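Work through the exercises below with the sequence and the 3D view side by side. Try each task before you read its solution.

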Amino acid sequence: MKIYRVAGTLVEGEDMKGVSMHEVVRVGEAGLVGEVIRILGDHAFIQVYEDTYGLRPGDEIRATGRPLSLELGPGLLGTIYDGIQRPLSVLREAEGFYIRRGVEASPLDRKKKWHFLPLVQVGQSVRGGEVIGKVQETDLLEHRISVQPDVSGEVTWVAQEGDLTVDQTVAKVRSGGGEVSISMFQLWPVRRPRPYLEKLVPEVPLITGQRIVDALFPIAKGGSAIVPGGFGTGKTVVQHQLAKWADAEVIVYVGCGERGNEMTEVLRDFPKLKDPKSGKPLMMRTVLIANTSNMPVAAREASIYTGITIAEYFRDMGYSVAMMADSTSRWAEALREISGRLEEMPGEEGYPPYLASRLAEFYERAGRVKTLSGKEGSVTVVGAVSPMGGDFSEPVTQNSLRFVQVFWALDKDLADRRHFPSINWLTSYSQYRSVVSGWWKKNVAEDWEELVNETLRILQEESELESLVRLVGADALPEMQKLVLLVARMLREGFLQQSAFNDIDTYWPPKSQYLLLKAIIEFYRQSQKVVEKKLPVSKLESLPVVQEIMRARFTISSQPALEDLVKKASSGPLSMLGGAE
């Protein structure tokens, strides 16, 4: 097997009989990692995950006999990988800041010992996916060791409780006429979805602590969403906030083709963050995958699959997992570049014609499922989209919309006005709102859905009044419409805006969100009675409670104080009415 020609990161090999699709090969003297993506006779096309300078026709290609696969086991959490699961911290210690091409490093530490506790006995029958032992991987997460999905049978041997490395055998199972040894880690092909018993309806919200998301456009555990927006609209900050505060048990963050300084910020900030529930470092339940824009384009294409496979692995343990992909546009651009080098017929805007099917394959791996072990787990996927010029009609955004249920549209005008998160409440939508409303009614308040519907109606009415205000001015409007404009401003500035950099405002629990929204809507309802008595809205606007509500996101952090605010909002306008009478 040898190189026939080289075109960027695409290498064509000859005398390649015996290799299979998606098989990993080693290319050239440096042993660069590559993956077979097309076979024509005895020629094979290989996408190489590293820079190919110095390669030439005639250089050797070595087959490995297996597809691109991940090592899944204890040691994943708290680790920073590149797009093909090489641990960057290990490479830095071995190579310094400039990493040689072709360098290898084990994704999981082979020397570290984990305290293994067996959960099965000799003679017990087990099936694929069943948990046979556990390891306390971090203070926040118990790592459940399971049988490989394609193995089932009788346990013939099991290790005693004690400290073992990931590659030591912890059990043996008689399966298919032979004996299979089971260690603490599994190898799994990244392009093959992990199996499950049943897909369940996503009906529990993923609480993010971001008011506009949780209240107006919620995402369910096991759901999928996209965050499209032009440059400077805050896509990365939105995803950082979701990764920091979402109530998933495991976070997988994939920096796919993003700028190096943004990924550096993630790598610098995440180790310092505290988990809001336990106070422990957030990295104890986080896996980071860094593939910046100056890294080889082929590895960028693989990084998305690396992230979703790790997410599915933790899902199979019965955990809720949130995966952030930043950004799928850079991933699609990698597909386009590789497709061009393969000389495939281009589709819209040069993207390959199979762009839609690749996006579907990715987003369909999200879901709330009943795992092979009978537990319930979920993978929630949030993909950022970076359309050129903020044009949502481009192919990546439009094709993604076909497969996701939540659309958080970031608005350049809102961002220019320093309104963050710049999610446009008129163009965004969530198909989970009615599904998760039952959870809010049961766990927060019965009138939650009513408040949300009233909020959306007020914001929509404000939008309809804006054109009229431009023509005749706000002073010419009837008092009831002036009240709508006032309350809409209270909603925009006091509820929908949220600062990621303020300790009080960065995260709001569900009950606090409800109370703040309740205060605004109660003020509106009571103010309507005042306006009906012919009192001007200008007097309502001067009430102290209006400013209290709009400043509450910075000044109030306790629920009792918010409950007091609701009482003030209910009585403030009526006190004016009493004075008038």
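**Exercise 1. Is Lys-221 buried or exposed?**

Solution. Start with the ground rules. The model is predicted: local features need pLDDT of at least 70, side-chain atom pairs count only at pLDDT 80 or more, and totals for chains, interfaces and linings use all residues. Residues are numbered from 1 along each chain as its sequence is written, and side-chain values use heavy atoms, with hydrogens and water left out.

Step 1: find the residue. Lys-221 lies in the loop between α2 (211–216) and β19 (224–228). Helices (H or I, at least four residues) and strands (E, at least two) are DSSP runs, numbered from the N terminus.

Step 2: apply the cut-offs. Buried means under 20% relative accessible area, exposed over 50%, and partly exposed in between (1.4 Å probe, protein chains only). Lys-221 has a relative accessible area of 17%, so Lys-221 is buried.

Step 3: list its partners. Contact means heavy atoms within 4.5 Å. Beyond its neighbours within four places in sequence, Lys-221 touches residues including Pro-202, Asp-247, Arg-368 and Thr-380.

**Exercise 2. Describe how α11 packs against α12.**

Solution. Step 1: take the geometry. Helix α11 covers residues 448–472 and helix α12 covers residues 479–496. Their axes come within 9 Å and cross at roughly 120°. Axes are lines fitted to C-alpha atoms, for helices over the stretch in contact; angles run from 0 to 180 degrees between N-to-C directions.

Step 1: name the arrangement. Angles under 35 degrees count as roughly parallel, over 145 as roughly antiparallel, 65 to 115 as roughly perpendicular, and the rest as oblique. Therefore α11 and α12 are oblique to each other.

Step 2: look at the contact. Among the residues that meet are Leu-465 and Leu-468 in α11, and Leu-485 and Leu-491 in α12. By class, this contact of α11 with α12 holds eleven nonpolar, two polar and three charged residues. Nonpolar covers Ala, Val, Leu, Ile, Met, Phe, Trp, Tyr, Cys and Pro; charged covers Asp, Glu, Lys and Arg; the others, Gly among them, are polar.

**Exercise 3. How many helices and strands does the protein chain have?**

Solution. Count both kinds: 16 helices and 26 strands. Of the 581 residues, 57% count as buried.
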